[in-house]
Amino acid sequence: DLYMRPDVLIPFLDTVDSTEPIYMGQPGFGRPEDRRRLKLEDGEVYCMGGPGVFYSRALLKRLRPHIDICMKETVVSYNEDVEVGRCISRRVGR
């Protein structure tokens, strides 16, 4: 469910500094009726997986040491995009 224009995307990504921790995509806030089930904190957002998500190398390096603890203590839903965002915001920073 993603339409991509490599002729636009590649030049854009060439401008991004991969040494900076970047988590980029269309922000998701959860539908009002789902926020409680998803246990999203006030102001907590995530990048929606459908439109596509960009993770810089620096972000992935910072995230890696926290994957196991996120899987054990942080995951509360089957919404992968929400859970990755929750792990990033709670363990790496917003």
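Predicted model: local features only at pLDDT ≥ 70, side-chain atom pairs only at ≥ 80, totals over all residues.
A salt bridge here is a side-chain nitrogen of Lys or Arg within 4 Å of a carboxyl oxygen of Asp or Glu.

Residues are numbered from 1 along each chain as its sequence is written, and side-chain values use heavy atoms, with hydrogens and water left out.

**The whole chain**

Select the protein chain and colour by secondary structure. You will find 5 helices and 4 strands, where helices (H or I, at least four residues) and strands (E, at least two) are DSSP runs numbered from the N terminus. Along the sequence they follow the pattern α-β-β-α-β-β-α-α-α. The C-alpha atoms fill a box of roughly 40 × 30 × 20 Å, taken along the principal axes. Of the 94 residues, 23% count as buried; buried means under 20% relative accessible area, exposed over 50%, and partly exposed in between (1.4 Å probe, protein chains only).

**Stop one: arginine 5**

Next, select arginine 5 and aspartate 7. They form a salt bridge, with the closest N and O atoms 2.7 Å apart. Arginine 5 is partly exposed, at a relative accessible area of 41%.

**Stop two: glutamate 44**

Now go to glutamate 44, in the loop between α2 (35-38) and β3 (46-47). Is glutamate 44 buried or exposed? It is buried, with a relative accessible area of 2%.

Show arginine 90 as well: glutamate 44 forms a salt bridge with arginine 90, the closest N and O atoms being 3.0 Å apart. This pair links distant parts of the chain, since arginine 90 sits in helix α5 (residues 80-92), 46 residues away from glutamate 44. Arginine 90 is partly exposed, with a relative accessible area of 36%.

The side chain of glutamate 44 makes a polar contact with the side chain of serine 89 (3.0 Å). A polar contact is a pair of N or O atoms within 3.5 Å; within protein, one must be able to donate a hydrogen and the other to accept it, and residues adjacent in sequence count only if both atoms are side-chain atoms.

**Stop three: helix α5**

Finally, select glutamate 83 and arginine 86. Their salt bridge has its closest N and O atoms 3.0 Å apart. Because they are 3 residues apart in helix α5, about one helical turn separates them. Both glutamate 83 and arginine 86 are buried.
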